[in-house]
Amino acid sequence: MTAHRLLAPRWLATGGAVLLAGVLGVALLLQHSDPACAAPPSSAKHSGKATFYDLAGTQGNCSTKTPADDLYVALGKGEYSGAAACGSYIDVTGPKGKVRVKVFDSCPECPVGHLDLSRTAFKKIGKEIDGIIPITYKTVPNAPAPGPLSITFVEGTSQYYWAISIDNHSNAIKSVSAKGPGGSFKAAKHEDYNVWIIDGRMGNGPFQVKMTDIYGKTITAKNIKLLPQKKQTTSVRFANGTSTSSGVEAAPKPAKKKATPSPKPKKPSPSVTSSSAAPAPVLEATEAAPDQAGDVALAAAEPAVKAASCG
């Protein structure tokens, strides 16, 4: 299994003044934190403080690879919420501007409102020498992900112990269930290191994996094979579009316009038969076909569990 960091130095001071500023900032946040508040940040704007840290060879608690753009954040226990926030994206605004970061790690010693950013992310919105800066932040629903949703069976998975990590889902996932051939869907338990587990015989697959995000949208990935430690890219996603390596959303390309021919008398068009329709794309063996019947419209309202009182 992946090693998980429970407690580690969170920011690297470049001088005594930086360390002191960080300690004082944390002390102030602790005085105003609400230990009973435990929910991922909502899309409402929150105020708080930011520090930075380096992984120093460790792995984030969300059990996914470090983002290629190095823009990530560790959340305190209240907002990490038992890994419920993992994989979601947060816009953070500081003295120098705004940056979008992926929830990648936990910060056990951080109270609500204290975001511990990667050094790269911190330097985009503040001066590294300051060590701690005031910020505002909010979750970004349907944020473009850097690639398609992927599913990976973790080390130790077998027909008797079913355990997966999910990445590039963008929206926080509320529930996961799965079934093998001829079986029925069984609910998976979400561990605080962001692995979904069904502790019991599930067979050798292939599996259908049903996922529901916190906004109520359900998608189902099919043909997921029992291949431990091999990432399987699917064709389902909660949000459309992908982001660039810089963390900035890629602008959609304008559709090409066809040349307008000279007006001619129109003739009745023959009805199009199914044989003239374009063939469906062929998926790779490790891709999962989308379950159109499982898709539902994204709820306009915020999820039932909010963190508005945490800001």
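## Ground rules

In this predicted model, local features need pLDDT of at least 70 and side-chain atom pairs count only at pLDDT 80 or more, while totals for chains, interfaces and linings use all residues. Residues are numbered from 1 along each chain as its sequence is written, and side-chain values use heavy atoms, with hydrogens and water left out.

## Cavities

A cavity here is a set of points, on a 1 Å grid over the protein atoms alone, where a 1.4 Å probe fits but cannot get out. Points are joined across faces, edges and corners, and the volume is the space filled by probe spheres set on them. Three cavities of 30 Å³ or more turn up.

The largest cavity holds about 50 Å³. Its lining (residues with an atom within 4 Å of a point) consists of A83, A84, C86, I166, H169, I173, H190, N194 and W196. Six of these residues are nonpolar, three are polar and none is charged, where Ala, Val, Leu, Ile, Met, Phe, Trp, Tyr, Cys and Pro count as nonpolar, Asp, Glu, Lys and Arg as charged, and the others, Gly among them, as polar. The second largest cavity has a volume of about 40 Å³. Twelve residues line it, and A145, N168, S170, R237 and A239 are the closest to its centre. That lining divides into six nonpolar, five polar and one charged.

## A buried serine

Now to strand β5 (residues 114-118), which contains S118; strands are DSSP runs of E with at least two residues, and helices are runs of H or I with at least four, numbered from the N terminus. S118 has a relative accessible area of 0% and is therefore buried (under 20%, with a 1.4 Å probe and protein chains only). Leaving aside residues up to four places away in sequence, S118 touches F52, Y53, D70, L71 and Y72, with contact meaning heavy atoms within 4.5 Å.

## Aromatic pairs

The whole structure has six aromatic pairs, that is, Phe, Tyr or Trp rings (for Trp, the six-membered one) with centres within 6.5 Å; planes under 30 degrees apart are stacked, over 60 edge-to-face and the rest tilted. F52 and F122 are tilted, with centres 4.9 Å apart and planes at 55°. Because F52 lies in strand β1 (residues 46-53) and F122 in helix α3 (residues 119-125), the pair ties together parts 70 residues apart in sequence.

Y72 and F104 form another tilted pair, 4.9 Å centre to centre with 50° between the planes. Ring pairs link Y53, Y72 and F104 into a cluster.

Notes: 1 Å grid on protein atoms, 1.4 Å probe; cavity = no way out; pocket = protein on both sides within 12 Å on 5 of 7 lines; lining within 4 Å. Buried < 20%, exposed > 50% of the residue type's maximum accessible area, 1.4 Å probe, protein only.
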